[in-house]
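Colleague: Please take a close look at the charged side chains in this model, and at the ring pairs that go with them. I would like one connected account.

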Amino acid sequence: MREPRVPESLAGTDVVVVGGGFGGLATSCYLADAGADVTVLEKNEQLGGRASVLEADGFRFDMGPSWYLMPDVFETFFGHFDRAVDDYYALEQLDPHYRVFFKDGDSVELGPDLAANKATFEGYEPGAGAALEEYLAKSRENYEVGMRHFVYERRDRFRDFVDPAVLRHARGLSLLGTMQEHVEEYFDHPKLQQLMQYTLVFLGGSPHNTPALYNLMSHVDFNLGVHYPEGGIGSVVDGIAELGRELGVEFVTDAAVTGIEGRRGGFAVDVAGGDRYLADRVVSDADYAYTEQELLPPEKRQYDADYWESRTYAPSAFLLYLGVEGDLSELAHHTLVLPTDWDDHFAEIFDDPAWPDDPAYYVCAPSKTDDSVAPDGHSALFVLVPIAAGLDDTPERRDAYRDQVLDDVAANTGVDLRDRIVFEERFAVDDFADRYNATRGSALGLAHTLRQTAPLRPSHRSSAVDGLYFTGSYTSPGIGVPMCLISGLLTAELLAED
């Protein structure tokens, strides 16, 4: 990684950050550390954006992100402020990292032991153990070079990529083709291909539209490991917010922004209820499309409605948050349930949007690791089914799909939850739109397709409003909690340079 370049030159500068997701939290910390007076306005009753926490009847659920990946990014973030991760929350490495149930009755566990993982792969396909080691070596190279020279660097223009130094670093990276094409070079067995690509769900893509460069996620998974922050991802939000307060950031919740007016040195940010905040600069961590289409007047927008209509959005999700009686011995902390052929599910997300007939889905059971998230004698879990953004989301459809999902869980994991549920909450497309102002109810923002990566993502700096900046998953480097932390750094550096 590299040292942040946010000079202490912002004393006397008032900055309003719209939205308290990870991008907004990170940006606010970097700017406050550089001397700015920072106020974060968060629409909802708690910070974290999509990383909200649901607490009810003694149960605690992470409503959004639940995988703690790329621990080096968090260490780099806190290290900039001469802090350490364990100043704010404790981590535990999971073993196994996750369990996978295939819908033909097969199941497999993967964890931190490379030799065991190689043996597992070899059991599916002769030579696959050695292929895994080779694949992970390439993934490590892509990660180390990509993170240092691309992810942590602002390259918003195509000309930034034709610099000889950049081309030298890019040599050898998996820049061409899709993930499906790349994985097929190493593994023939379809189940092994799935195991190498399941992380695409975190990037909001499919094997057929995500660039091969994202094989770096396998290094994140197999080599860096899967961890759990005590208390869940909500404890990470709390830790960064605590850091922000130590740096002087003011956080205001229940403050839904209704409009942004003005320009550099003279902004007015209006909030529902009549409050108005004045600022020299504004950073939006709210949904990028919502900010442009709803918070700015037409003449101040960089992109028109046709632009946003033409984008490929990452999936939304159908979520069941469940408090149940008893334990969940058949499940791991992270469990994946996959059809032996998942192409139909991806087609129902990206090609012909529909509620999936035979879904691939994820089950998170944090009570397997953390006793604090459920009452004695009970377990907390949620089920997440990726579905297309913008689907028709009616109560009748939710009722039917809830029953379908619970039947599927029972059939494929051996865990019958139907008569054990003591708490239940559902969350789907319309909730993402209502709670987070998410365009089309996407759970993640813009997908990482070949045409929406690096300089093809929306810019950190508005080209229409001097002094307006953007951070979060719509911008580079993209989707995921670690990427949003890095986006906050890139936005803060750009603002400071300007």
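**Charges and rings**

Modeller: A negative surface patch is made up of Glu181, Glu184, Glu185 and Asp188. The model is a predicted one.

Side chains of opposite charge can pair when their charged atoms come close. The structure holds 25 salt bridges. One of them joins the side chains of Arg435 and Glu45, at 3.0 Å from N to O. Arg435 belongs to helix α15 (residues 429-436), while Glu45 is in the loop between β2 (37-41) and β3 (53-56); the bridge therefore ties together parts that are 390 residues apart in sequence. Arg435 has a relative accessible area of 16% and is buried, whereas Glu45, with 42%, is partly exposed.

Another salt bridge is formed by the side chains of Arg99 and Glu109, at 2.4 Å from N to O. Here both partners are in strands, Arg99 in β6 (residues 98-102) and Glu109 in β7 (residues 107-110), so the parts tied together are 10 residues apart in sequence. Arg99 is buried, with a relative accessible area of 16%. Glu109 is partly exposed, with a relative accessible area of 36%.

The loop between β6 and β7 also takes part. Asp358 and Lys103 meet through their side chains in a salt bridge of 2.8 Å, N to O. Lys103 is in that loop and Asp358 is in the loop between α13 (343-350) and β16 (361-364), so this pair ties together parts that are 255 residues apart in sequence. Asp358 has a relative accessibility of 39% and therefore counts as partly exposed.

Now the rings. A search of the whole structure finds 38 aromatic pairs. In one, Phe78 and Tyr88, the ring centres are 5.1 Å apart and the planes are at 20°; the pair is stacked because that angle is under 30 degrees. Phe78 lies in helix α2 (residues 71-80) and Tyr88 in the loop between α2 and β5 (91-93), so the pair ties together parts that are 10 residues apart in sequence. Phe78 is buried, with a relative accessible area of 0%. Tyr88, at 13% relative accessibility, counts as buried as well.

A second example is Tyr288 with Trp308, whose ring centres are 5.7 Å apart; with the planes at 45°, this pair is tilted. Tyr288 is in helix α11 (residues 288-295) and Trp308 in helix α12 (residues 305-309), 20 residues apart, and the pair links distant parts of the chain. Tyr288 and Trp308 are both buried.

Ring pairs also build a cluster, linking Phe59, Phe61, Trp67, Tyr98, Tyr198, Tyr321, Tyr362, Phe382 and Phe423. One of these, Tyr98, falls within the residue range of strand β6 (residues 98-102), the strand that holds Arg99.

Methods:
Residues are numbered from 1 along each chain as its sequence is written. This is a predicted model: local features need pLDDT of at least 70, side-chain atom pairs count only at pLDDT 80 or more; totals for chains, interfaces and linings use all residues. Side-chain values use heavy atoms; hydrogens and water are left out. Patches are made of residues with over 30% relative accessible area and no salt bridge: like charges are joined within 9 Å, nonpolar side chains (Val, Leu, Ile, Met, Phe, Trp, Tyr) within 5 Å. Accessible areas come from the Shrake-Rupley method with a 1.4 Å probe; for residues, only the protein chains shown count as cover. A salt bridge is a side-chain nitrogen of Lys or Arg within 4 Å of a carboxyl oxygen of Asp or Glu. Lys and Arg count as positive and Asp and Glu as negative; His and the chain ends are not counted. The place of a charge is taken as NZ of Lys, CZ of Arg, CG of Asp or CD of Glu. Rings of Phe, Tyr and Trp (its six-membered ring) pair if their centres lie within 6.5 Å; planes under 30 degrees apart count as stacked, over 60 as edge-to-face and the rest as tilted. Helices (H or I, at least four residues) and strands (E, at least two) are DSSP runs, numbered from the N terminus. Buried means under 20% relative accessible area, exposed over 50%, partly exposed in between (1.4 Å probe, protein chains only).
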